[in-house]
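Please read these notes beside the coordinates.

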Amino acid sequence: MATLLSPAPSPVPGPAASLRVRRPDLAQLGPNWYAVVMGTAITANGAAALPVHWPGLTGFAELMWALGLAGLLVLGAARAVHLTRHRTAARAHLLDEPATAVFYGCPPMALLSVGLGTLTVGSRVIGTGPAVALDLVLWTAGTLYALAVAAGIPYLMITRHTVSPLTANPTWLLPVVAPLVASATGPALVPHLPAGPAREALLYGCAALFGIGLLATLAVLPVVLTGLVHSGLPALALTPTLFLVLGPLGQSTTAVHQLADAAGPVLPELAPAARALAELFGVAVLGAAMLWLPLAVIANLRARRAGMGFAMTWWAFTFPVGTCVTGAAALARHTGFPGFTALAAGLFVLLLAGWALAAAGTATGLAGGRLLARPAAGGAPGDRPGSGTRDSVTDRPDGRKNSTPRR
């Protein structure tokens with residue numbers, strides 16, 4: 001699993017060796033790095049959606065959107081190098097390492113999140129016309145990517161990967177959540193399309209994407225919970241992924257409200273039913289998310305006391321919480337209930353804390369050479385940061401041991 005579970009390489013004496021350790025190795029750049037863009041973009045989108053008006057919030061949202069867009073461009077260029085110059089590693093990540101392959105759900109969600117931020121936040125910076133054009137490109141690319149991943153990764157799990165439902169963990173949700181993100185971000189484009197069939201097609205398409213993502217989540221989530229109860233997490237570094245369970249809950253809540261808003265002028269006969277469904281669905285699903293949230297927080301505090309250090313999985317503290325921010329904000333907007341306003345604001349504070357922790361850890365890890373480090377010469381293949389095939393026995397927060405068999 002690229003850069004997630006591997007410990008930092010031991011420093012090698014001598015200045016030349018030290019430089020080699022610090023130089024990033026793009027062969028280790030897995031798709032999980034798009035979580036950086038996702039977490040930054042959702043912070044901008046959450047700030048824009050908040051039903052409160054804090055001083056400087058608009059400027060902060062614009063800054064985070066700009067960082068997310070810049071991160072997408074830089075990471076896209078780096079991944080292009082990875083895919084062209086390190087084809088063997090890229091092929092192994094997708095076809096031979098199921099623990100890494102599931103993170104292919106991250107790139108489409110990054111495209112979609114930055115696209116929405118461009119329309120809702122970036123339009124004040126670059127203008128409405130360019131913002132709509134860029135969002136249309138990013139949403140189209142992200143949606144096609146999301147559908148390919150939602151079908152392709154389960155196909156590989158069935159036909160090629162060696163996996164067991166008894167060892168399922170929340171990262172399995174990443175490929176199937178991507179269509180939900182597309183369904184939540186697409187309705188913002190509806191008012192910018194020509195009236196008539198174009199708007200209806202996009203709205204119906206987003207509704208279909210919602211159904212794809214929701215039904216797939218309902219199929220995968222019970223498997224994930226079964227794996228957690230049966231086997232726990234295979235490593236402390238995966239404890240932050242417990243937050244990923246919040247993703248489909250918050251994203252589906254956001255999606256139904258976005259669809260209801262877009263249905264008003266396009267399908268007025270369906271708008272009242274869509275609005276009522278959005279409120280009932282949103283309250284029920286967000287309630288389930290708020291039940292899971294303290295479990296995830298407590299488990300991570302316990303893992304931290306047990307010695308959990310920084311890993312790229314810490315970005316799971318951001319995007320899933322951000323979807324709950326936008327879901328709670330949508331409920332506050334539609335119901336006017338002040339409790340949802342307070343919930344959205346509280347979750348946004350939690351999102352800011354998660355982003356600060358993940359961003360600081362990533363910056364420190366890159367500067368210190370601990371992330372994207374070239375594997376030591378002579379090391380076993382299973383010791384590579386990009387490998388998901390090593391045998392390992394790792395501590396769990398409860399003090400028991402988990403064995404991860406060789407795939």
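1. Among contacts in the chain between residues at least 6 apart in sequence, what percentage join residues at least 24 apart? The share is 82%, where contact means heavy atoms within 4.5 Å.

2. This is a predicted model, in which local features need pLDDT of at least 70 and side-chain atom pairs count only at pLDDT 80 or more, while totals for chains, interfaces and linings use all residues. Residues are numbered from 1 along each chain as its sequence is written, and side-chain values use heavy atoms, with hydrogens and water left out.

3. The chain has 13 helices and two strands, taken as DSSP runs numbered from the N terminus (helices H or I, at least four residues; strands E, at least two). Of its 407 residues, 52% count as buried, meaning under 20% relative accessible area with a 1.4 Å probe, protein chains only.

4. About 230 Å³ of space lies in the largest cavity. A cavity is a set of points on a 1 Å grid over the protein atoms alone where a 1.4 Å probe fits but cannot get out; lining residues have an atom within 4 Å of a point. Grid points are joined across faces, edges and corners, and the volume is the space filled by probe spheres set on the points.

5. The lining of the largest cavity comprises 20 residues, with Met38, Cys106, Leu174, Leu244 and Ala316 nearest its centre. Helix 2 (34-49), helix 6 (106-126), helix 8 (174-185) and helix 12 (319-335) each supply at least two lining residues.

6. Valine 181 lies in helix 8 and is buried, at 1% relative accessible area. Not counting residues up to four places away in sequence, valine 181 touches Met109, Leu112, Ser113, Gln251 and Phe319.

Notes: On a 1 Å grid over the protein atoms alone, a cavity is a set of points where a 1.4 Å probe fits but cannot get out, and a pocket is an open set with protein on both sides within 12 Å along at least five of seven lines; lining residues have an atom within 4 Å of a point. Buried means under 20% relative accessible area, exposed over 50%, partly exposed in between (1.4 Å probe, protein chains only).
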